[in-house]
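The following paragraphs lead through a protein chain and the ligand beside it, going from the overall fold to single residues. Please keep the sequence and the structure in view while reading.

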Amino acid sequence: MDPVSQLISSFKIPIGRWGKTFFDFLTTNFEWFFDSIADGLTVVLDGLVDLLLLVPPVLLVAAIAGLAWYLQKSWKLALAVALGLLFIVNQDLWQETVETLVLVVGAAAASMAIGVPIGIWAAHNERGYRYLQPILDLMQTMPTFVYLIPVLILFGLGIAPGLIVTVIFAAPAPIRLTHLGITSVPKPMIEAGEAFGATKRQLLWKVELPAALPTIMAGLTQCIMLCLSMVVIAALIGANGLGKPVVRALNSVNIPLGLEAGLAIVVLAIILDRISRIGTGAAK
Amino acid sequence: MSAAVDFKNVDIVFGAARKEALALVDRGATRQEILEKTGAVLGCAGANLTVNEGEISVLMGLSGSGKSTLLRAVNLLNVPARGNVMVKDGDRMIDVAACDAATLRHIRQTRVAMVFQQFGLLPWRTVAENVGFGLELSGVPEAERKARVERQLKLVGLDQWASKYAHELSGGMQQRVGLARAFATEAPILLMDEPFSALDPLIRTKLQDELLQLQAELKKTIIFVSHDLEEALKIGSHITIMEGGRIVQTGAPEDIVLRPANDYVRDFIANVNPLSVLTAWNVMRDRRDLDHGEDGWVWLDRRKTTRFKIDEHGLVAAAERDGKPAFWVSCADVEAQPEETTQVFWANPGTSLKTVMLAMHRSQTAPVALFDDRSRFVGAIGVRDVLSAVLRR
Ligand SMILES: Nc1ncnc2c1ncn2[C@@H]1O[C@H](COP(=O)(O)OP(=O)(O)OP(=O)(O)O)[C@@H](O)[C@H]1O
Ligand SMILES: [Mg+2]
C-alpha cells in the first residue's frame, strides 16, 4: 500500500464500537420502552391473525370479495378477487396469506396514520418540508438491511419489528402524496373558503382535504404496495407470512415452494392494488 | 347616502422589499421603476375610493392595472401594506386592514361575499351544498340553511339542479351557482371579480341583465371588476379607471365618457358608443347660458332659429321657429309625430341622447328643449351640442 493510504488506514475510527455502545445504552436503559412497544404490537397483530384464522377461509374469501364489490362496484373485480384467494387456499398458503394481510394492512394503516398528518403539516409549512424531504429520500433509498439491524437490536425478532421496518419504508409515500395533494389545491378554491370566512380548521376539512382526497388515496394504494413489497424482508426478521416460505425456499433451493409462495404474493398484490384504488374508478 | 366601503390611501405591494417599494411609491415612481429597483410588484398605490350603499361601483382598467388587487383588499384576500379599508358593519365602519381575526371572519361571513371569475366552486359538492357553503362556515343550523339555499336557487333559476355537481352544469349556470352562494349569506356587500368574463357573449349579456334585475330587488352594494367598458357602462352607477396600480379617474359613467381625464381613459372610451350612456342632461346647455332676447324670449340654439317665451313661473308661454309661431311636443312619442318644421320637441333631463337625436331628425334639426318634471324650462340642446358630445370635442 502507498504511504498515504497506509497513514489513513493506520487508525480506524471506531464507529462500530461507538454505535454498539450507544445501542447498549438504549437497550439497558430503555428496554422497558421498546419491549412494551414490541409486546403491544405483537399482541394486537397476533390476536388479529388468530381471530381471522377462526373464520372459515371460504367465508373470509367471500367477505373480501364483498369488500371489493362495495369499494369498486364491479362484479368482475369481486369475482376475480374470490378466484385469486381461492387459488391461494388451494395452494395451502391461507394461514401465511392472512398473516401477511394483517401485517400489510396494519403497516399501511400505521403509515397513513403517521403520514397524512405529517403531510398536512408539511403542506402548511414549506420550510419544514425542505428539512423533511431529505429524510424522506433517505427512508426510501436506504437499503432496508441497513436499518434492519438497529430495529432488531431494539425490538427483537417477530412481527413487531417487521411492522416497524415496513412503516419506515412505506410512510414516505403518504407523506409525499398528502403534501402534494394539499399544496396543489387550486388557489381559487382556497380563496373561496377564505372569502366566506373559513377558519384554518374549516379550510382544512371542508376545502383542502376533500380537494386532496384523490391524491391522498393514490398515496394509500402506493403505501399498501410498498408494505407488500416488504413481506420477504419482514420474514427475515421473524415476521410470519408469505415471506417465510419464500425465505425457506431460498435457503433450501426448494423451487416448487418458492414458485407457489411467489405466485401467492403476486396474486395478493394485484388484489390489494385493485381494491385500494378508491375513487379513481380504475377497476371499472 | 352613506359609504359601505371606503378605501383610504391604500397601497398594496407584492414581494419582499416592501419598505423600499413604499418609499418609491411616495416619490410617485411607476410600477416598472419599482419592479426594477426593488423587485417588488406594485399592486396598487394611493387608492382612495368611496363606494356608497346600494351602488354598483365598477373598477376598470387594462390587465394588470390592479383592479383585482384593490377589490380583494375589501375582504383582505390581499393585505394592504398601508392605508385603511373601511367596511360597513351595521352602524360601524371597520378597518379590515387592522381588525383581528375574529372580526375579519365576521365580516367575511356576514358582510362581504364574493363571486369569482373562474366560479371557485367546490367540485365534490352538489349545487345546493355549494350554495350553502358560506352558511355552513358561519354555523347556520341545517334546517335554516336548507331553506335559504332553496330560496337562493329559486332566485337564480336553478332549483331543478340542486343535487347535480358543479361540473355537470354549463359555465353560465355555474356562475349562477356562484351568485347564489354569494347571495345566500345575505351579505350586503358583494365583490365580483370579472364574474362574467369566462362566459360567452350571449350568456354574459343575459347574466348582466339578471344581475341588474336582482340588484333592483336586493339593493346590494356591489364592487364589480371588469375590463369591458360596455359592461361597465351597462351595469355601473359609478366607474373607476385604474392604470398601473393607480386610480386615474373616478366618477359617473357619463363623466368618464364626456370628460376623460387623460389619454389612457380616452383610449379606453374610444370605442364606446356615447349614445348608450349619455342622456339629455349630459349634453344640454343650461337656460342661463342661452342667449336671452327682450320680453322674456330665449334663443334655444346658437344659430337663432328657434326661441321660447318664458313666463315668470319658468313655463313656456310661446314658441317661434324661423320667425313663425310653433308648437311644442314631447319627445316621448316622437315616432308618432309627422315631420314638420313648425314643431319643437321637448325632453326630460333623463331622456336618452338617442331619443333627442331622433327628435332633432324629425323636426329637421330644430333644437330640443328640456323641461323639468314640473314642465319648467331648464335648458336646450342644439345640433352642435349633440355633435360635440358624440365626437367628444
Ligand atoms: N399574489 C400576487 N403576487 C405577486 N404579484 C401579484 C399578485 N397578485 C397580483 N399581482 C400583480 O399585481 C399586479 C396587479 O394585478 P391585478 O390582478 O390586480 O390586475 P388586474 O387589473 O386584476 O388584471 P386582470 O385584468 O389581468 O385580472 C399585476 O402586475 C400582478 O402581476
Ligand atoms: Mg383581475
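Predicted model: local features only at pLDDT ≥ 70, side-chain atom pairs only at ≥ 80, totals over all residues.

In strand 18 of chain B, which covers residues 368-371, Val368(B) and Leu370(B) point one way while Ala369(B) and Phe371(B) point the other way, and all of them are buried.

What lies on either side of strand 18 can be taken one neighbour at a time. Strand 17 of chain B, residues 343-347, pairs with strand 18 of chain B in the parallel sense over 2 bridges, and within this pairing Ala347(B) has Leu370(B) as its bridge partner. The two strands also belong, together with helix 14 of chain B (residues 353-362), to a right-handed β-α-β unit. Strand 19 of chain B, residues 377-381, pairs with strand 18 of chain B in the antiparallel sense over 4 bridges, and here Ala369(B) has Ala380(B) as its bridge partner.

Strand 18 and strand 19 of chain B form a hairpin with 5 residues between the strands, in which Ser375(B) takes a positive phi near 65°. Asp372(B) is found in this loop between strand 18 and strand 19 of chain B. Is Asp372(B) buried or exposed? With a relative accessible area of 15%, Asp372(B) falls under the 20% limit and therefore counts as buried. A polar atom of the Asp372(B) side chain lies 2.9 Å from the backbone nitrogen of Arg374(B).

In general, strands of a sheet pair through backbone hydrogen bonds, either parallel or antiparallel.

Further along the sheet, strand 14 of chain B, residues 306-310, runs antiparallel to strand 15 of chain B and is joined to it by 5 bridges, with Ile310(B) standing opposite Val316(B) in strand 15 of chain B. Their hairpin has 5 residues between the strands, and Gly314(B) takes a positive phi near 85° there. Strand 15 of chain B (residues 316-321) is in turn joined by 3 bridges to strand 16 of chain B (residues 324-330), and these two strands run antiparallel. Arg321(B) stands opposite Lys324(B) in strand 16 of chain B, and the hairpin of strand 15 and strand 16 of chain B has 2 residues between the strands, with Asp322(B) in the turn at a positive phi of about 50°.

Seen as a whole, chain B has a secondary structure of 15 helices and 19 strands, and its C-alpha trace spans about 75 × 55 × 40 Å along its principal axes. Of the 393 residues of chain B, 52% count as buried. Asp95(B), in strand 5 of chain B (residues 92-95), is buried because its relative accessible area of 14% is under 20%. Asp95(B) and Thr355(B) are 260 residues apart in sequence and 46 Å apart in space, C-alpha to C-alpha. Met1(B), by contrast, lies in the segment before strand 1 (3-14) of chain B and is exposed, because its relative accessible area of 86% is over 50%. From Met1(B) to Glu55(B) the separation is 54 residues in sequence and 9.7 Å in space, C-alpha to C-alpha.

The ligand remains to be described. The residues around ligand 1 include Phe14(B), Arg31(B), Val41(B), Lys67(B) and Glu194(B), and by class the shell has 3 nonpolar, 6 polar and 3 charged residues. Helix 3 of chain B, residues 67-71, gives the most to this shell, with 3 residues. Which residues place polar atoms beside the oxygen atoms of ligand 1? A backbone N or O atom of Gly64(B) lies 2.7 Å from an oxygen atom of ligand 1, whereas Ser68(B) brings a polar side-chain atom to 2.5 Å from an oxygen atom of the ligand and Thr69(B) brings one to 2.4 Å. On its own, ligand 1 has 630 Å² of accessible area, of which the protein covers 63%.

Technical notes:
Residues numbered from 1 in each chain as written. Chains lettered and ligands numbered in written order. Heavy atoms only, no water. Buried < 20%, exposed > 50% of the residue type's maximum accessible area, 1.4 Å probe, protein only. Pairing = 2+ DSSP bridges. Right-handed = clockwise from strand over helix to strand, strands pointing away. Near = heavy atom within 4 Å. Polar contact = N/O pair within 3.5 Å; in protein donor to acceptor, adjacent residues only side chain to side chain. Areas by Shrake-Rupley, 256 points an atom, 1.4 Å probe, with all protein chains shown as cover. Nonpolar A, V, L, I, M, F, W, Y, C, P; charged D, E, K, R; others polar.
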